[in-house]
Structures are given as C-alpha cells and as structure tokens.
Amino acid sequence: MSNRMVCREASHAGSWYTASGSQLNAQLEGWLSQAQPTAGPARAIIAPHAGYTYCGACAAHAYKQVDPSITRRVFILGPSHHVPLSRCALSPAEVYRTPLYDLRIDQKVYADLWKTGMFERMSLQTDEDEHSIEMHLPYTAKAMESHKDEFSIVPVLVGALSESKEQEYGKLLSKYLADPSNLFIISSDFCHWGQRFRYTYFDESQGEIYRSIEHLDKMGMGIIEQLDPISFSNYLKKYHNTICGRHPIGVLLNVSTFI
C-alpha cells in the first residue's frame, strides 16, 4: 500500500496567473501595497476568482483585511463550475500546491465534516479542473506567509444548493466561524452580463449598460452586508443576477444567523 501524499497541483498556474513564484510574489505584493486595511481583522471575506489580470488588484482589498497573527484555519468556499452538484464536496487531496508554497488541508476538520454525511467526495480531476478555490490559494499563501507553518486550509466546493440546504450548511459551519482563529473566504465574481451568459438585464434609468451592472451589483453587495440571507434570496429571485458564488454567499449569510 502506498503512503504517498495526495497533492492537488496548481493546474491554473501559467494561464490564469503566473507559474513563477518570484513573479507571483511580486505581483501580489504590488497589489496588496495599493490596498488599505479598512475593516480588519476580517472574519470572512468575499473575493473574485477570475484571472489575476482581471481581478488581482480587486482581490487585494479583501486580503488586506486578513490578520495572519490570529488566523489558524482558512475555510475556502467556492462554487462548482464544471460538475453538477446538489450538495457540498470535499477534496481527496491532503496538500494544495501553489507557486509560493504548499498549503496543508486540515484533516481533522475534514474528518469531522465527513462524519456529518452531508458531503460528497470530488475526484482529484474535478478538483484540478475547478478554478474557484484555486484562485484564492496564492493570495491565501501570501496573506499568511508570516505564519505559513501555523495554519491549515479547509476547501469546500459548493453545489447548486436549495435555500434549505444553504441553511443546513450554515448551521453546520457556524461553530467554525464563531471561533476567531478561523477565517472564511467566499469565492465569487458578480454579474456576468451578455448573450453568452444569457443575462442582459438593463436598467435604462442608470444610463450606460456598465452603470446598470454596477448599480445592480452594489445593490446586492449592500444586502450581503446586512447579513440577511432571506433578503439576498429575494434579490436573486427578483433580478436573477448571475453572481456565480451566490450559493457560497448564501451559506455564509446563513452561518451568520446561527452565531
């Protein structure tokens, strides 16, 4: 029997972001240097998962709020883009590779989550095909580098959950968010607009299309800041905004109601 450690490779390095550790480190440092710590230390952040060319600077504003001195476990909740999933799934890996350094999955928390019977096991191929969690790994590694041997990660792939399931997972995970040594990272872009996304909502009162999109997204962000899962659900039902991380966000909002 082999005792080889199962590792998830940094499969999007070299395409969605640079595979060079030194170049990646310099990029992340540059973006973080332009961001200000305004609301830290954060207990949870929502940050995008597009290629770093598009969202690297934006994500820095979220990661600037992380305090590595108090964070010992990082939960990363990302939506499933490639496989149909009606529940949440955990990785078969023990280590996630990044061009900076390897991140260790918290096997004790994984064991506790397995015991609930609420999680599926994704294949390593599914894990490596998915970008929603991976795009947060370099930023997590960078934000936590001063304590890199003192923390672990808990990656969770979130499926197309019903409102009742978002509530169930929120209740389950609430004990972890209640612990100030745990950080929750929610992976989400916001509006995907255009024919390829089958979404062309346009509020002409806002003027240009991009202003309509900005207004719609900021409306959703305002509701998220209220930590009200019902209001967020009603917003999605009314506007059908194509927020790809709506289910991880829904789980987080439900977590907050149990604390």
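**Exercise 1. Is Tyr201 buried, partly exposed or exposed, and which ring does Tyr201 pair with?**

*Step 1.* Begin with the surface of Tyr201: its relative accessible area is 29%, so Tyr201 is partly exposed. The scale behind this label calls a residue buried under 20% relative accessible area, exposed over 50%, and partly exposed in between, with a 1.4 Å probe and protein chains only.

Before going on, a word about the model: it is predicted, so local features need pLDDT of at least 70 and side-chain atom pairs count only at pLDDT 80 or more, while totals for chains, interfaces and linings use all residues. Residues are numbered from 1 along each chain as its sequence is written, and side-chain values use heavy atoms, with hydrogens and water left out.

*Step 2.* Now find the partner. There are eleven aromatic pairs in the structure. One of them joins Tyr201 and Tyr239, with 5.7 Å centre to centre and 80° between the planes, which is edge-to-face. Rings of Phe, Tyr and Trp (its six-membered ring) pair if their centres lie within 6.5 Å; planes under 30 degrees apart count as stacked, over 60 as edge-to-face and the rest as tilted.

*Step 3.* Tyr201 belongs to the loop between β9 and α7 (209–225), and Tyr239 to helix α8 (residues 229–239), so the pair links parts that are 38 residues apart. Helices (H or I, at least four residues) and strands (E, at least two) are DSSP runs, numbered from the N terminus.

**Exercise 2. In what order do the six strands of the open sheet lie, and which strands stand at the edges?**

*Step 1.* Read the order across the sheet: β2-β9-β3-β8-β4-β7, with mixed pairing. Two strands pair if DSSP finds at least two bridges between them.

*Step 2.* Look for strands with a single partner. These are β2 (44–47) and β7 (119–121), so each has one side left without a neighbour in the sheet. On average, neighbouring strands of this sheet are turned by 30° against each other, direction ignored. Axes are lines fitted to C-alpha atoms, for helices over the stretch in contact, and angles run from 0 to 180 degrees between N-to-C directions.

*Step 3.* Follow some of the pairings. β2 joins β9 (residues 182–187) in the parallel sense over four bridges, with Ala44 opposite Phe184. β3 also pairs with β9 in the parallel sense, over five bridges, and here Phe75 stands opposite Phe184. Between β3 and β8 the pairing is parallel over seven bridges; Ile76 has Pro155 as its bridge partner.

**Exercise 3. Which helices pack on the sheet, and how are the side chains of β2 arranged?**

*Step 1.* Start with helix α2 (residues 52–63), which lies across β2 and β9 and runs at about 175° to β2. Helix α9 (residues 246–257) touches β2, β3 (73–79), β8 (152–158) and β9, and its direction makes about 135° with that of β3. Contact means heavy atoms within 4.5 Å.

*Step 2.* Compare with β3, where six of the seven residues are buried.

*Step 3.* Finish in β9 with Asn182, which is buried at 2% relative accessibility. Leaving out residues up to four places away in sequence, Asn182 touches Arg43, Arg73, Phe75 and Tyr176.

**Exercise 4. Which charged residues lie over the faces of Tyr96 and Tyr101?**

*Step 1.* Apply the test: NZ of Lys or CZ of Arg must be within 6 Å of the ring centre and within 35 degrees of the ring normal.

*Step 2.* Over Tyr96 lies Arg8, at 5.5 Å from the ring centre. Over Tyr101 lies Lys148, at 5.2 Å.
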